[in-house]
Amino acid sequence: MPSRNGELQKMRKEYHRWYSHRMGFELGVIVYGHWGQPMLGFPTSAGDEHELENMGLIGSLAGLIEAGRVKFFSVNSANHACLYNKQAHPFHRSYMQAQFDAYIREEVVPFIHSSCQSGSVAISTMGASFGAYHAANTLFKHPDVVRRCFALSGVYDIRNFMDGMYDDNTYFNNPVDYLSSLSDQHLRWQLEHCDIHIATGCGQWEHRGPSDRLSGILHRAGIRHHLDDWGPQAGHDWPYWKHQMWEYINQLFP
């Protein structure tokens, strides 16, 4: 994977921030690049919209972004106010997670379409670790606008965040549950026409169980997807994720 520090320095970068009435506070979005297919990137559990750049992911993709292969949008996942907010009641956590999903669909997606000057351009998502949950959940819930996802080293069951409680907001944001009982044939048809990549392997600190479980659920639901086994090149850390995303974009985005 080539070093792209020069491209990162000259790359177009825009910072946008607005107050979301759904979330009750301001959230930022960083846009990298001039043009290209839109890629929506989610941070890990404690990260914000700056994390993907600070951890070197944007720099590793800079040449591809600068060449117009993708236009990258980095968001804050607001985990501190949602599932990771241990000071709040579990049902408030799941409510805020549902609000965050609505924020992405009703605020960030139109922003991306406006930035790309197209209301119909298909969006791809990516994320690693807990960001993989957001990347996958966003596609599964909104395949009308998100057509491809890259979920790296992820977890896809949020019940561990609910202290044994469960409600509709939990169900409808828990992929291992709502995909297991998928009955909407139109939604199934949309999902079958998406390009879903679940990346895992046997590298350092990688735990592939959640990826295998999600793949099994998708298989039983008849939803085509890729369970990408990167072997020792898939560990639970940034050097692995940077390499995987560079390869994905280089191979799949003309």
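How much space lies in the largest cavity? About 40 Å³ of space lies in the largest cavity, where a cavity is, on a 1 Å grid over the protein atoms alone, a set of points where a 1.4 Å probe fits but cannot get out, and where the volume is the space filled by probe spheres set on those points, which are joined across faces, edges and corners. The model is a predicted one, in which local features need pLDDT of at least 70 and side-chain atom pairs count only at pLDDT 80 or more, while totals for chains, interfaces and linings use all residues. Residues are numbered from 1 along each chain as its sequence is written, and side-chain values use heavy atoms, with hydrogens and water left out.

**The cavity**

A search of the whole structure finds one cavity of 30 Å³ or more. Its lining residues, defined as those with an atom within 4 Å of a point, are Gln97, Phe100, Asp101, Ile104, His134, Asn137 and Thr138. Helix H4 (90–115) and helix H5 (130–141) each supply at least two residues of this lining, and the largest share, four residues, comes from H4; helices here are DSSP runs of H or I with at least four residues, and strands are runs of E with at least two, numbered from the N terminus.

**Strand E4**

Strand E4 (residues 70–75) is mostly covered, with six of its six residues buried, that is, under 20% relative accessible area with a 1.4 Å probe and protein chains only. Val70, Phe72 and Ser74 point one way from E4, whereas Lys71, Phe73 and Val75 point the other way, and all are buried.

| Partner strand of E4 | Sense | Bridges | A bridge pair |
|---|---|---|---|
| E2 (residues 25–32) | antiparallel | four | Tyr32 with Phe72 |
| E3 (residues 37–42) | parallel | five | Gln37 with Val70 |

**The whole fold**

The protein has ten helices and eight strands, and its C-alpha trace spans about 50 × 40 × 35 Å along the principal axes. With 254 residues, a compact globule would have a radius of gyration near 18 Å, and the 17 Å of the protein agrees with this; the radius is taken over C-alpha atoms, and the globule rule is 2.2 Å times the number of residues to the power 0.38. Buried residues make up 58% of the 254 residues. Of the contacts (heavy atoms within 4.5 Å) with a separation of 6 or more, 73% are accounted for by residues 24 or more positions apart.

Technical notes
On a 1 Å grid over the protein atoms alone, a cavity is a set of points where a 1.4 Å probe fits but cannot get out, and a pocket is an open set with protein on both sides within 12 Å along at least five of seven lines; lining residues have an atom within 4 Å of a point. Buried means under 20% relative accessible area, exposed over 50%, partly exposed in between (1.4 Å probe, protein chains only). Two strands pair if DSSP finds at least two bridges between them.
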